[in-house]
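Visitor: I would like to learn how to read a model like this one. Please take me through it feature by feature.

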Amino acid sequence: MRTRLFAWVGLAGLLWSLPAAGHGINGHVHVTGWAIERLPPGEVADFFADPELFDVALFAASFPDSGYAIDDPYGEMAHWPPFLEAYIRHVLAEAGPPFDTPEKRRQAAFVIGLACHGLQDEIFDSIFLHHIREHDGEGQDSADSGTDAMLSTDGYLRFKPPQWAPIDDLIEVFAAEGHAVEAGTIEAGMARVKVFVIDAFPNLAPILDERLRPLLPWTAEHYIDPAVPGSLAAEIPATGAFIEALWARLHGRMPVAAMVGHAYPDGRRRLMSLDADSAGSWITLVLGIGARVGSVTAERVALEGPAGPVPFDLHHTRWGGSPDDWTRIVQLRPRAPLEADAAYVVRLEPGMELIDGRVFDAAWSHAFRTPCAPGDGCPPEPMDGGVLPVDAALPDMAPPDATPPDRGLPDVTPDAMRGSSVDAMPDGSVGADAAPVASTDPGGCAVGRFGRAPIGWLIGLWLALGLGRSARRRIGG
Ligand SMILES: [Zn+2]
């Protein structure tokens, strides 16, 4: 009982110490797992059919927040495109392709899982958090812990990946990016996440749920609603498309279709709202690679409807808005109400500067429809992806369609890309392109050199004393 009490205190303190940005760690682990389970048949799905690699990616999806748990800047760094770019270069140089040994495959799985975390934070914060504020009047502090608690109490949590990371490689990449961190620091950060957030979370979730659900009635209804952009369920196809894009990059190719991996609304759904004052009227493109904010300008983005060009405000990732920041979010917020049940197109002109040194040198477009006016009888929105089963194998939910991720477009190498002009998708839809395009043993390593119960006590004490508060910070800056 005493151990359990300390675990609760430790977990409460740890959650308090985690940054108020992005969503909960269990959300990251599960969205990544659900996305992998829904990958279309092919190379990437075959790769992750190995349960060990699946687990490696899932733990990696928790990794960036482990830096906050130990109050070390490595966590902040691990969220962002510059670190990811350096890490991908490192994996390409040290491990593959063709990733023909178990160790090399683990490297590839880890970088993919780690990358998913940062993207999911950008999506949640840049889209869904605005919906939460609009409907519940609540912000990040309640949304982060609240959605993780609801996932647990609503019965959705089923992944408890074992603790593992390629520590030596991570240390090398952090050092190359200007941050020295020791193995023991990373191991301790990961152990806190593993023990208190992944494994012990069901103990605390009901308490958090009881406190936060009353503040978040709309969120409780929609946090796993695939029809609401940026919800945990709506992150799944975007994460799947991102995994496909990462896989392409890890094999030295990057199809144009993967550069804009997903869009809200996707090709199958209508925009949520006609009301220009609502986040439901926003159109958000999710890039498969970081683009320099200063190169994603209003001159390179257009929104056209039945009556011609539509004025909009252009936004990027919520975190970081200066020209030399990197964004994976391109968001159009119409300045006037859109027409009901009408076709609109978003266009991107060439010129976006990508973090791998390439320039997006292709015209691209995405078509979508607006909702019907109330009572006008639009068909219901598709709801697949919205029923996440509890402790059971997922039903056979096909991705939006089975079109191969690159849709037959040529792979674009850096040279070819600068000289090529690939036009819009055949039907202008990105939804189809985007479709995609467990162990519970914390073990000795999971709790470092202290053993499980003692470190639980130590962390509980450490956190209860408030030392963890110093770890709180905002992403971006
Ligand atoms: Zn995070």
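Visitor: Which residues does I112 touch, not counting residues up to four places away in sequence?

Guide: Two residues are in contact if their C-beta atoms, placed from the backbone, lie within 7 Å. By that rule, I112 touches A57, I243 and L246. A word on the source: this is a predicted model, where local features need pLDDT of at least 70, side-chain atom pairs count only at pLDDT 80 or more, and totals for chains, interfaces and linings use all residues. Residues are numbered from 1 along each chain as its sequence is written.

Visitor: Which members of the largest nonpolar core touch the most other members?

Guide: A nonpolar core is a set of buried Ala, Val, Leu, Ile, Met, Phe, Trp, Tyr and Cys residues joined through C-beta atoms within 7 Å. A residue is buried if 20 or more other C-beta atoms lie within 10 Å of its own, exposed if 12 or fewer, and partly exposed in between, with C-beta atoms placed from the backbone. Here the largest core has 127 residues, and A57, V111, I112 and I243 touch the most other members. Helix α8 (residues 102-136) gives this core its largest share, 15 residues. Across the protein, 52% of the 477 residues count as buried.

Visitor: How many helices and strands are there?

Guide: Helices (H or I, at least four residues) and strands (E, at least two) are DSSP runs, numbered from the N terminus. The protein has 19 helices and ten strands.

Visitor: At what angle do α2 and α4 pack?

Guide: Two packed helices are described by the angle between their axes and the distance between the axes. Axes are lines fitted to C-alpha atoms, for helices over the stretch in contact, and angles run from 0 to 180 degrees between N-to-C directions. Helix α2 (residues 25-37) and helix α4 (residues 51-60) pack at about 145 degrees, with axes 8 Å apart. V29, T32, G33 and I36 in α2 meet F54, A57 and L58 in α4. By class, this contact has five nonpolar, two polar and no charged residues. Ala, Val, Leu, Ile, Met, Phe, Trp, Tyr, Cys and Pro count as nonpolar, Asp, Glu, Lys and Arg as charged, and the others, Gly among them, as polar.

Visitor: Is R335 buried or exposed?

Guide: R335 counts as exposed because it has 12 C-beta neighbours inside 10 Å. R335 sits in the loop between β6 (326-334) and β7 (343-348). Beyond four places in sequence, R335 is in contact with A276, P311, F312 and D313.

Visitor: What is the phi of D71?

Guide: Phi of D71 is near 55 degrees, a positive value in a residue other than glycine. D71 lies in the loop between α5 (63-69) and α6 (74-78). D341 also has a positive phi, about 45 degrees.
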